[in-house]
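Please look over the sequence and the predicted model shown here before reading on. The briefing that follows takes up strand pairing, a helix and a pocket.

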Amino acid sequence: MNRNCVIPAASLKKIVNLDTIPFSTTEEIQPLTSVIGQERAVSSIQFALEIDDSGYNIFATGSYGTGRTTIVQDLLNKSAKSLPAPSDWLFVYNFNSPDEPKALRMDAGQAIRFKKRMNRLIFNLSNELQKTFESKTYAERKNEIVESIQKAKQHLYSEVEQKAAALQIRIKSTSMGFATIPLLNGEEISDDGFASLSTEERESINAHATTVQKLLKQMIRAANILDRKLAEQIDDLNEEAARFVIENHFEEMLELYNHCPDVVAYLKEAAEHIIDNVLEFAGLTESEEEVPNPNQSMPPALNKYQVNILIDNARQKGAPVIYETNPTYTNLFGRIEKKSYQGYIYTDYTMIKPGSVLAANGGYLILDAEQLLKHPFAYEALKRALRSKNLRIEDMNTYYGYTSTVSLRPDPVPLNIKVVLIGNSYVYRLLHNNDDEFRKIFKVRADFDNEVKNTKQALKKYIRFISRVVQEENLLPFDRSGVTAVLEYGFRLSGDQNKLSIRFGEVVKIIREASFWAKKKRKKMVGRPQVLYAIEQKIYRHNLVEEKVHESILDKSVKIAVKGSVVGQVNGLAVYNLGDYSFGRPSRITVNTFIGGRGIVNIEREAKLSGKIHDKGMLVLNGYFSQKFGQTMPLSFSATITFEQNYGMIDGDSASSTELYALLSSLSGIPIDQGIAVTGSVNQKGEVQAIGGVNEKIEGFFKVCQSRGITGSQGVIIPKANERNLLLSEAVIEAVEKGDFRIFSVSHIEEGIQILTGAKCGFIHKDGSFTKDSIFDKVQKRLIEFARTAHHFRKNLGDLEKKENNEENEDKN
């Protein structure tokens, strides 16, 4: 056995040295205020924040728990402090187009003042106008106009009445109008009297009545003209009285907001609208408002002059940073509420409500990419708003043309906003590869790493991070041993002795839980035992499946041998990922070789239980084997390789070296030590390549050996490239230190097969043969034997067939 391949116990874990960092507990450590690692992501975000151009929104990618959201928020908050507070936004009634409310922009904090001033103005104006129209002066002037018109109308009637009397016709007013009654000697003629008159007299009376009727029609037309004149004169009087009051009241507001053209235009329109509807405004006539709105604080006649504030930045210090956790369409873009009254659905501009996009206008909006994509229309609407730099608040159905009812279409609000989407790399690639607009709108990718190189500076920051968590969450302080244990856990999470994990979500859990267990045990400080116990308890909560699998191995339901030697059989190692927990377990791999021409047969593939990567590993294995033994002769054999008692899909190439060892053992007839498990992929040159989950694999096999009984000769072979990934548990390291368990690292297949069998592979000679009695020599001889046997069989079979043909011909003759 090659002792140079044995890894010493000191190399099986990361030794954390804190001698250069003096402290006793985390109470002496200044909490972290900066970012650990993530230079690439931080640089990308700062670039996007500083560049003032279209489309430089950010998509932050990285694993969950790397602190993406926290770091993004911290950077945005820092940037937002240096920016001015954005404008206020409000909606007002559009007097020219009521279905299209007007959006008004005001300096931060001015919207609420404008609303108060407007409310005060409207209330005061309503009261003042009511007093004006109820004043003695107004009443006298109005009466003068009315009396003048009434006199003129009376004069018209008198003239017609005089002319009628001259024609012996009396005019009588009825509910149906005016009636003409003929007279004779000053007395009304009855029907009988009229009938007794001569024809000439009757015709004369009828002619006179017709003349009077024409005069009455002329009088009525003249009277109508006078009524219209009366109405116009009263309107002119009302306008004159109202304009004097209204312009005096609006003059101050117009001067106050003369720097805001849109506001000035609105105030002028409002003043003209009040003048045009002054009696209704003053409460002297009934309002045309059909539906009482409970949201309004004013009388119905004054509702149109309400101010609907959507965004009030009076208390905003710097630019806003909004994190929308539920990015539905309405939560993002706002909504137009509707209410029901006696079966009637109604809405108005005061029911327009803002969303988080408008709330973040002038600042930053943070969204979870996956959540955004889950909600219908939200992503498309966001792209449209960012592309057009305008926000329209409207019903979602109206937005896509699905409604047949009339709704409001408020003015668009100009957008000046940076959006940060947070998601994983898969979502980013999906959008980047399939959505052309995405590439134009989200031009900056901030990619968060999940690990940081182990440097003195990184260690100091990590310790400060631990101190920050302890202080922010009011946990028990950690002593040096506790901090060291947390750092070791950080190395284990990264899976690399030279890197620390910055998946802070997982690290914080252990810090928090270690403090909990320390408090429960009435400790005043968190030490190494409490951290290790927290890790142990975390594993216990998640490893039920692992225990069940382990039980099935112990009760021999699943056959795994950890002692003895067997030809064509080896223990491979696999990792099972349950999402929140992963563990390793051994799997028996067996190979049978025999005469045939099919070459290496992957039973899993034949049964459609093999993934593409595993299939590739088998083809690579075949490439190495053919290159090694097929240079001087054609290969004529068959071999079947399988994972015993496997009933699910297998993928990955980490067992390809293991399968090759079993194949060489089967052909050479040299048994493999069952106490040594193997992991590692192989390339066509026979080099053993790195794999994943090396710690879980080693610990999984060690657990089986420990339960079955440690023999002192057991161990695991791993690729040499994985030495840096070794961060094993205390139990494994202790067993290695005692010499009860060994970890081997190999860089080539020949090293591994020698460890497993105790035999050397041998060297190839110029004639194509290998060192006598070596593994490769025995494999080659077995292949030659298979070929000869097959050749003799085919020759004998040909001779037999020829003999049978001759005998048939003789019988025919």
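**Strand pairing around E21**

Leu573 stands opposite Pro586 in E22. The model is predicted, so that local features need pLDDT of at least 70 and side-chain atom pairs count only at pLDDT 80 or more, while totals for chains, interfaces and linings use all residues. Residues are numbered from 1 along each chain as its sequence is written, and side-chain values use heavy atoms, with hydrogens and water left out.

- Strand E21 (residues 569–577) runs antiparallel to strand E22 (residues 582–594), and 9 bridges join them; helices (H or I, at least four residues) and strands (E, at least two) are DSSP runs numbered from the N terminus, and two strands pair if DSSP finds at least two bridges between them.
- E21 and E22 make a hairpin with 4 residues between them, and Gly579 in the turn has a positive phi of about 95°.
- E21 also pairs with strand E26 (residues 676–678), here in the parallel sense and over 2 bridges, with Gly572 opposite Val678 in E26.

- Strand E2 (residues 88–92) and E7 are paired in the antiparallel sense over 3 bridges, and the bridge partner of Leu90 in E7 is Ile309.

**Helix H6**

- The 58 residues of helix H6 (residues 199–256) should span 86 Å at 1.5 Å a residue, and the end C-alpha atoms are 84 Å apart, which agrees; the expected span is 1.5 Å times one less than the number of residues.
- H6 has a kink of about 35° centred on Phe250, the bend at a residue being the angle between axes fitted to the seven residues ending there and the seven starting there.

**The second largest pocket**

- The second largest pocket holds about 1000 Å³ of space; on a 1 Å grid over the protein atoms alone, a pocket is an open set of points where a 1.4 Å probe fits, with protein on both sides within 12 Å along at least five of seven lines, and lining residues have an atom within 4 Å of a point.
- The volume is the space filled by probe spheres set on the points, which are joined across faces, edges and corners.
- The lining of this pocket comprises 41 residues, of which Gly67, Arg68, Thr69, Thr70 and Ile71 lie nearest the centre.
- Helix H2 (68–81) is among the elements that each supply at least two lining residues, and H2 gives the largest share, 8 residues.
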